[in-house]
Amino acid sequence: MAADDFESIVVLVPTGSLGAGAREDEIRYGIAQGAHVIATDAGSTDSGAAYLALGISKNNKGSVKRDLTVLMKAASAADIPIVVGTSGQAGGDMNVDWTRDIVIEIAGELGIRPKIALLYSELSKETVKAKNAEGRIRPLAPMGALDDATVDDCDHIVAALGPEPYIAALKAGADIILGGRTTDTAVLACYPLWKGAGLGASWHAGKIAECGAQCTVKTTDGAGVLLRIGRDAFEVEPLSTVNSCTPHSVSAHMLYENSNPFLLVEPGGVLDVTNADYQQVDPRVVRVTGSVWEPKPYTMKLEGASSGQFQTIMLVGIQDPVVLHNIDAFHDRMLGALNERVRKTIGAAAGDFNISLRLYGWNAVSGEKVAAETPPPREVGVLFVATAATQEMATQIAKACNPYFFHMHMPEHREMPSYGFAFTPADIERGPVYEFRLNHVVECDEPMEFVRTVWIDLALEEEA
Amino acid sequence: MATVNDVCHLVRSKNAGPYWVTIDLFFNSSQNFARYSQSEALGPKTFEQLFGADPALVRSFPVAKLDMVKISYARSTPQGGVVERDLHCGQQFVRLLDVELDL
């Protein structure tokens, strides 16, 4: 591809998220094209804080194992490394260990003995507080300065890794790298950066391919993409030979889940694509030039998740025209009645509680008033959510509310209505409310400061 | 008189991390992009009214090559709170569709 003598680095990105469904035929194609590395992201903050707070995966073990089996088989045969970022959805230590155990299990099944590097980036509360006391933690909008109480609230805190610990592990001969929380871009950019590909090209390629085939025309018709990264340009090609990339499909991906379409802040710098140029060089392939990497002092983004109050929910369906013809009045009357019921039956013991009613089929998603001329829906689903300090209290509130939630009448009702419960028992304990608590960056002395690398060499373990 | 729905062929919303929402408005012509992408009707005040956003934290990025504008704003409450209605913010664009652009 490149006009100079630099041989492009070929990165096989099998899927947007490990466990989403890597395809064997696509992997075969990518390997045949000379892939130097298989690189994939395995997580995101996108689906909320529960996965970091609990240290659990979003994808089930079976689907992650299936994808890893496909990748490990192919990589082992082709003798190329696999790098995985944000292991186990959240990239906390527990999430990394969960993924490690799957990899070891697969290695046993395949009869292979890879050298595995685990890159942990979870931080202790003491470390975070000490850095904060040194004035080396800065808030990102809309957050304010960090205080110790917020740090103490968090169940797990991770720092998003850059490419450096991956490069160190690759240099040391890792066959498989399982990273903790990592920027989506860094995990795809680490190998080309190591091999001397262009900084702007490597980082921009990483951003474009972070969601696999999402930067292609037929986003559902294929899982992965191939990146060829040179000094001043990179190319993107879908791994599915019936799919294609266009300048529009590729450039539009810079918009995805990104608040600024031109600048992307990463550990150690900012990717600037303001002047990037996207050209169709083949019916399926797009070449990108003009990406710029501007080095900055090294920072890592912190993510922290906490579990807070507990919730218990109930759900009824209502088709009763009396309710549907005056649905906002029904909502207000019900909410008032339920709060009154809790005050009267539980009283002060209920503590700082909240009851929320969401009218699915009417305005549950926005919570906003519906325009006056809107005709009544055919039915609504009413979700009851009680939030309280403990699970027991949330459930006690739900049980106290149950008779009203089930039977509350409107003035027009001639007898007591019974709304349509979907389950018995009616109340469902949902567990805690999980929230992200940090939106800060920590200034680092050097890129490896917060990384703990652990090696598992299955060849050596077998000998021992 | 034109609404967002009249002049865009695609409007979508998504969270950009737990604290920000980003809305992409793809206009159906370069003319409409030029005429409306910086409209006051797509300014901070509208986002304050529709989403309870802090007007100081509403940012607009026109992308002329794609005839689109990206508008990002800080969520009024962080993702996944006690009264969460749209965890991934994928439904937030709907409130913009009927916004009148010819002020």
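**Talking through the A–B model**

Modeller: In this predicted model, 40 residues of chain A are in contact with 35 residues of chain B.

Colleague: What makes a residue count as being in contact there?

Modeller: Heavy atoms have to come within 4.5 Å. Put together, chain A and chain B bury about 2900 Å², with 57% of that on carbon and sulfur atoms. On the chain A side, Leu255(A), Ser259(A) and Val365(A) lose the most area to chain B, together 19% of what that side buries.

Colleague: Why is the pair Asp46(A) and Lys14(B) called a salt bridge?

Modeller: The rule wants a side-chain nitrogen of Lys or Arg within 4 Å of a carboxyl oxygen of Asp or Glu. For the side chains of Asp46(A) and Lys14(B), the N to O distance is 2.9 Å, so the pair passes that 4 Å cut-off. Across the interface of chain A and chain B, the rule finds 3 salt bridges. There are also 18 residue pairs in polar contact across it.

Colleague: Which elements of chain A give two or more residues to the side that touches chain B?

Modeller: Those are helix H10 (247–252) and strands S16 (299–318), S17 (354–360) and S20 (428–436) of chain A.

Colleague: How do you know that Ser72(B) is buried?

Modeller: Buried means under 20% relative accessible area. Ser72(B) comes out at 1% relative accessibility, so it counts as buried. Its place is in strand S4 (residues 68–74) of chain B. Among the residues Ser72(B) touches are Ser259(A), Trp20(B), Leu57(B) and Phe61(B).

Colleague: And what makes Ser72(B) and Ser259(A) a polar contact?

Modeller: The cut-off for a pair of N or O atoms is 3.5 Å, with one able to donate a hydrogen and the other to accept it. The side chain of Ser72(B) reaches the backbone oxygen of Ser259(A) at 2.8 Å, so the distance is within the limit.

Colleague: Over to the sheet in chain A. What makes S13 and S22 its edges?

Modeller: The open sheet has 10 strands, in the order S13-S14-S10-S9-S1-S2-S3-S8-S4-S22, with mixed pairing. S13 (277–282) and S22 (452–457) each have a single partner strand, so one side of each is left without a neighbour in the sheet. From one strand to the next, the twist averages 25°.

Colleague: What makes S10(A) mostly covered?

Modeller: Of its 6 residues, 6 are buried. Ala233(A), Glu235(A) and Glu237(A) point one way, and Phe234(A), Val236(A) and Pro238(A) the other way. In a regular strand, side chains alternate between the two faces of the sheet. Helix H1 (residues 24–32) of chain A lies across S10 and also S1, S2 and S9, running at about 175° to S1(A).

Colleague: How do you know that helix H9 of chain A is largely enclosed?

Modeller: In H9 (residues 199–209), 10 of the 11 residues are buried, so the rest of the structure largely encloses it. The buried ones include Trp203(A), His204(A) and Lys207(A).

Definitions and conventions
Residues are numbered from 1 along each chain as its sequence is written. Chains are lettered from A and ligands numbered from 1 in the order in which they are written. This is a predicted model: local features need pLDDT of at least 70, side-chain atom pairs count only at pLDDT 80 or more; totals for chains, interfaces and linings use all residues. Side-chain values use heavy atoms; hydrogens and water are left out. Two strands pair if DSSP finds at least two bridges between them. Helices (H or I, at least four residues) and strands (E, at least two) are DSSP runs, numbered from the N terminus. Axes are lines fitted to C-alpha atoms, for helices over the stretch in contact, and angles run from 0 to 180 degrees between N-to-C directions. Buried means under 20% relative accessible area, exposed over 50%, partly exposed in between (1.4 Å probe, protein chains only). Buried area is the accessible area (1.4 Å probe) that two parts lose on being put together, summed over both. Lists of a residue's contacts leave out its neighbours within four places in sequence.
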